[in-house]
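Dear colleague,

Please find below the sequence and structure for your records. A summary of what was found follows directly after.

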Amino acid sequence: MELAAILVLPVIASALSLSPLGRRYAAPLTLVSTTAVLILAVDVAALAAHTGRVDALDGWLTCDGLGALVLVLVALVGFTAALFSWGYIAGRAGHPVHHVQRYYGLYNLFVLSMLAVPLLANVALMWIAVELTTLLSAFLVGYEDTAEALEAAWKYVILTTLGAVFALLGFLVLYWGSRVAGLEPFTWLGLVEAAPRMPPALLWPAFLLILVGFGTKVGLVPMHTWLPDAHSQAPASICALLSGVETTTVLYVILRLFPVIGGAHGLDARPWFIGFGLISVGVATLLLIYVRDFKRMFAFSTVEHMGIILVAAGLGGTEAHLGAAYQITGHALAKSFCFFAAGMTVMAVGNQDIASVRGLIRSSPLAALALVAGGFAIAGAPPFAIFVSELVILKAGFTGGHFIVVGLLALFVVVAFCAVMFHINRMVFGIPDRSIAAPTIPTSCKLTLAFAAIPLVVIGVFVPAPLLGLLRAAAAAMGG
Amino acid sequence: MSSPAFPVIAALDALTGALFLLAALGVVATRQVLASLQLFILQSLLLTLSAVLLGIALDSFHLFAVAAITIVTKTLLIPWLLRRTVSAEVYRTREIERALNIPSSLLLSAVLIVLAYVIANPLLAAVTMPFAAINLPLGLAAIFLGAFTIVVRREAVPQMLGLLAVENGVFFAGIAIVPSLPVIAELAAAVDVPVIALVVGLLMRQIYRRLGTTSVGHLAALREQ
């Protein structure tokens, strides 16, 4: 029942935001709906971690450990970003009230499409949900209505839709294979079970088409070119969703293929996961050194982290997969926090240029502190979760004998750490070039930072037993 | 070909497929926006024809549904939507800017078509399926040509038509490899294509209003220095 409610609530919130009631109450309505969805999602996750799988509506909706992890993260960032939107969107000058209403109408539907991806049992319907994440967020990316924002929105829609159409062909070929194997309901569970009977000549091209097609939306190099544009031009609240969870939601689909391919004879997805992952991490690290725009910096960091998670999945084994699940969690929490901090910095200084910001700690101490904390969290300093998850992944690779992969990954991670902290250090400390008036930061944005900081700090220090259970269930769903 | 059970329909489908590929080549090579829209409509009609032929041969109701949806969305809805949103861009006669000249584009297109056959061969060798030998490689070729169109065109309308041509290619292949597909084909065609067209069309109108052009190739503010 909870599963269905999670998908119904955002529809109601969207309709109310667009109705006359939404003229004044779109933001609080969205907040109420996302809070309810978060509570339901935590409930579902607790159940899924305990029993292994939750089903609803005759099996049309289903949720196992990996799905529940993604579901909770989407719901959580959906909530914090809604809270941040309240003050941030109201404070953007030059937007009439119907723009704000449309923002919340689309916001709720965008979150709905991401919630649907891990819940829909039918793989075909899941493809449609992934495709809708792009189409529903296109106008949110272009919300600022500047030439740059529209350019970013255009590239985002054309390239990720092209990717999704390639993935569609992949899913059609996968369906072809599942019919040859005599599988009737086209679900992930059924695919894992039917994989050994599918002709490898069909399974393999299907895998490659989906990896490259959806890899475009995840931001894997070399299909990543749209990502830094969209993730830097959208409003900060939308960036938190795009970078924090939308990429993860699509990566989730690619991770789902891992046990399917693993079950087939003579096929090995691991070199492809590790190859694409390492190239993404390496190129993102290089781009992080030369980046000039602090929102682009966090966008490149997303490419880096997607690469790390893919490498972890490719290394295989329970330990590496546990590291991947932990990294997914840490990244979603830290990256959304970073974009909230970046949004506050934009409010304080009025642009996104790293070189033009000096001594932020004097003009806007809150934004500066948030940037430093977010920087440490995302770059992987102790005591944050990403430090632990990266250690787990490196250790798992080392014990598995993948010395070259581990060496390269460690090198890239360390260089990326230095690059991110160098840029943030430049912005936060030093003497300001010009005096900036202390900005008035909306209360809802301050509350968002406080709320988003709690899980960020807590799960780095210790992992509560229910979360550990969920991470283990997620790792198990990725296959050995 | 591979379908001795339906020799006449197979021959007609092969002819349709050849024309389908020619239309895709036309979308790559034509100089005018209006002509590329007309070629796209022609391509969609040929997709419909192939779906009807396969629907008759395989006795599949789903393929008739795909045909009906394709006719409505791609030959009626999309041209209407383009006229509503960016009519000045579509109906003003002028040449489209492109990143590569036409002879080189066609040469590369030929390479892409050969590549499509090379990729399709192992799949066809593994599983026999009536009509797949015709539709899969031709659909794949149309996908590559559509993607190539997006890369070489620098304007919004041709890029959108390239994207929809890729979608046509996927369906041209799809109707042969999964003729009984209950959910994907119909829902995707019925929901996805109009939504893509709507979102892209509205975005184009917004770009046109803000910038006075839809020459998206000139939008290059966002890049690494």
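In the hairpin formed by strands E1(A) and E2(A), 4 residues lie between the strands, and Leu57(A) takes a positive phi near 50 degrees. Please note that this is a predicted model.

Strand E1 (residues 53-56) of chain A pairs with E2(A) in the antiparallel sense, over 4 bridges. Within E2(A), Leu61(A) is the bridge partner of Ala56(A). From strand E2 (residues 61-64) of chain A, Leu61(A) and Cys63(A) point one way, while Thr62(A) and Asp64(A) point the other way; all are buried. In a regular strand, side chains alternate between the two faces of the sheet.

Chain A also contains a helix pair. The axes of helix H10 (residues 236-262) of chain A and helix H13 (residues 318-349) of chain A come within 8 Å and cross at roughly 165 degrees. An angle over 145 degrees counts as roughly antiparallel, and H10(A) and H13(A) are therefore roughly antiparallel to each other. Their crossing is right-handed. Residues making the contact include Ala240(A), Ser243(A) and Gly244(A) of H10(A) and Ala332(A), Ser336(A) and Phe339(A) of H13(A). By class, this contact of H10(A) with H13(A) has 10 nonpolar, 6 polar and 1 charged residues.

As to the two chains, 38 residues of chain B are in contact with 39 residues of chain A. On the side of chain B that touches chain A, the elements giving two or more residues are helices H4 (102-126), H5 (132-152), H6 (156-177) and H7 (184-211) of chain B. H7(B) provides the largest share, 14 residues. The residues of this side of chain B divide into 30 nonpolar, 4 polar and 4 charged.

With kind regards

Technical notes:
Residues numbered from 1 in each chain as written. Chains lettered and ligands numbered in written order. Predicted model: local features only at pLDDT ≥ 70, side-chain atom pairs only at ≥ 80, totals over all residues. Axes fitted to C-alpha atoms, helices over the stretch in contact; angles between N-to-C directions. Parallel < 35°, antiparallel > 145°, perpendicular 65-115°, else oblique. Left-handed = near helix turned anticlockwise from the far one by under 90°. Contact = placed C-beta atoms within 7 Å. Nonpolar A, V, L, I, M, F, W, Y, C, P; charged D, E, K, R; others polar. Buried ≥ 20, exposed ≤ 12 C-beta atoms within 10 Å, placed from the backbone. Pairing = 2+ DSSP bridges.
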